[in-house]
Amino acid sequence: MEIEPAEEVKEPPRIHRLDESVVNRIAAGEVIQRPVSAVKELVENSLDASSTSISVLVKDGGLKLIQVSDDGHGIRYEDLPILCERHTTSKLSKYEDLQSIKSMGFRGEALASMTYVGHVTVTTITRGQLHGYRVSYRDGVMENEPKACAAVKGTQIVIENLFYNMVARRKTLQNSADDYTKIVDLLSRFAIHHIDVSFSCRKHGAARADVHSVATPSRLNAIRSVYGLSVAQNLIKIEASDNDPSSSVFEMDGFISNSNYVAKKTTMVLFINDRLVECTALKRALEVVYVATLPKASKPFIYMSITLPPEHVDVNVHPTKREVSLLNQEVIVEKIQSVVESVLRNSNESRTFQEQTVEATPSVPSVTNNDLHLSPSPSGSKSQRVPVNKIVRTDSSDPAGRMHAYLYKNPQKYLGRDSSLTTVRSSVRQRRNLKETADLTSIQELINDIDRKCHSGLLDIVRQSTYIGMADDVFALLQHNTHLYLANVVNLSKELMYQQVLRRFAHFNAIQLSEPAPLQELIMLALKEEDSDLESNENDDLKKKIAEMNTQLLNQKSEMLEEYFCIFIDSDGNLSRLPILLDQYTPDMDRVPEFVLCLGNDVEWEEEKNCFQSLAAALGNFYAMHPPMLPNPSGKGLEFYRKRKHGKHTQDGGNSCHVDGTAEEDEFEHELLSEAETAWAQREWSIQHVLFPSMRLFLKPPNSMASNGTFVRVASLEKLYKIFERC
Ligand code: ADP
Ligand code: MG
């Protein structure tokens, strides 16, 4: 083997094929992300087996032990040998079955996955048998022949030492109390939907179960027994349906909280075709309604069950089956939104006027609140009603939908030139404590600016267009009426994130970093990246100084960063928490160093409004859906991943690497390639399922986007049709 001596080229690392067990373990880690995901899979299996009673026992947050016992139909003796192999299922045999799948499982991956990351023991008995069988599995196969044993009706599955072979995962999950809470929450959700099944969930060693429901014909009873009287007595029944194949076909029923229900967080329990799922677009749409109609009860409790023709639901879009995608999702969301809105308006009518002004007045319980039954809003009532999105539009200067009601009318105080941030902050805090809301004048001004600059034509495109797909790394193709547009997703997401920061100001949920990251090192990293070719010591010293100063600065600002932006810096100067700007979306962590540097360098700390604006912009830039750092392997970028054995090491961003060895033409750096493929696929998923639905709900596109190339009209379909006709 000869290496060209010219430059000092580092030997690329050897690439080898991963051991199959490692591949399986990685795949398993995706399906079983944490103990609660294992419990979900097991309970769904029990439900699929027509059980009427399901009990769960958990030790050490699920890491030591998860035991799920049911009284379902059991598993045949003959099936035990392949039970835990990947892609073995009794629920699906051909691809077309997916279209009408009614069971919760279908991929035959869950049990297999568990055996790669934990020790699984199954005890089961089928009807009419005198005894059951017990067998343990590891890495997809039986560890021993099934042993006959005494058993009660159904199946019991025990998982011990989950993630015993994944040190990092175990570490990040050490706070086991956390996962037990999640498991209780999960079982609570199942219990109020499957009311003909009794559920229990208990911590190992505890005498009492934390969830204990008995089968009941009344949903309200189930909610009372699981979530308590304080929730159950403040609920309103809702129903909606549509049966027009040209717009949407669905039925929905549920319970939503009224104006007396006050909570810190929204609870949304959503089942679509009996499948426990999340639908960010729907959740957001309903939150918007609450903020606009019941500002004081704006964190609702919602239980909703939607049924659709099975062929309208794509259940296979998410590795843990958590998100589903629906045909005509926007129409359905809008219809449900308007039903919820009118129910809330009716229920609230008697209290609306006193609510905003007189704090001390005890709330007048509305007589008809409980069990108010409402059918889908008749179309005739349209004229007297203002649709909620309109209300939000005129009110959107106000992130909580109620700013004007609380507005502090003494901006003078903040205009003084010497107002240091600390004094501003403490008076701000006083104000906030007084009203318990983040109604800062400067934030309101920034949101007003967004409104003022909103381009109505683009707003219409954003709200009404259909996402077709990505045209290249940066542009998405949209159809709006008969026109096709290219839309720059980087610009759009940057703006959306910026606006979200201002709207959610001081009300963020947090992303916890698995390992706190030292600011100083992050800044060093970013500085080095900035000028990677100036590597002298002197420069290093300078960089160290800059890093030190910036770290100091950020430490000083940490209280404000945490309180308003949920950017948490601990006393040792580590970054450990970031805000959630859109649910289901975490930013590209490769960009953290750049972001931290930007916080130190680009934020204007002196004046309140500028400070908030530049911070929101920095966050916007960080969270924007930039193309991943690794070149796109499905385009020209594929060349980047071709194995380069001999010399000719052209590395200029990767997009134009040439390889002239013919023998290795098919050799790729598989690990890197698959990392890139995942990153790009995830981004595309987020663009379609998070970015565009959220844009429809929240984005106010600024005028500048009409001329800066963010939207480009590429074709009119009518013209295209004409061209096709001629061909
Ligand atoms: P899937 O649910 O996607 O089919 P799983 O790996 O979760 O895949 O389960 C594999 C198979 O094992 C199921 O198809 C079912 O036949 C059987 N099974 C699993 N759990 C149970 C249970 N609690 N009761 C009866 N059968 C079960
Ligand atoms: Mg399953």
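Analyst: The following account treats the salt bridges one after another and then turns to the cysteines. The model is predicted, so that local features need pLDDT of at least 70 and side-chain atom pairs count only at pLDDT 80 or more, whereas totals for chains, interfaces and linings use all residues. Residues are numbered from 1 along each chain as its sequence is written, chains are lettered from A and ligands numbered from 1 in the order in which they are written, and side-chain values use heavy atoms, with hydrogens and water left out.

Side chains of opposite charge can pair when their charged atoms come close. A salt bridge is defined here as a side-chain nitrogen of Lys or Arg within 4 Å of a carboxyl oxygen of Asp or Glu. The structure contains 16 salt bridges.

One of them pairs Asp242 with Lys335, with 2.5 Å between the closest N and O atoms. This pair links distant parts of the chain, 93 residues apart: Asp242 belongs to strand E10 (residues 235-244) and Lys335 to helix H9 (residues 329-348). Helices (H or I, at least four residues) and strands (E, at least two) are DSSP runs, numbered from the N terminus. Asp242 is buried, at a relative accessible area of 16%, while Lys335 is partly exposed, at 28%. In these terms, buried means under 20% relative accessible area, exposed means over 50%, and partly exposed lies in between (1.4 Å probe, protein chains only).

Helix H9 also holds both Arg345 and Glu341, which lie four residues apart, about one turn of the helix. Their salt bridge has its closest N and O atoms 3.3 Å apart. Arg345 is partly exposed, with 27% relative accessibility, but Glu341 is buried, with 1%. Salt bridges with shared partners also join Glu445, Asp449, Arg452 and Lys609 into one network.

A further salt bridge connects the side chains of Arg138 and Glu143, at 3.2 Å from N to O. Arg138 is partly exposed, its relative accessible area being 33%. Glu143 is likewise partly exposed, at 47%.

As for the cysteines, a disulfide is a pair of cysteine sulfur atoms within 2.5 Å. By this rule the model has zero disulfides. Cys84 is buried, with 0% relative accessibility, and Cys611 is buried as well, with a relative accessible area of 0%.
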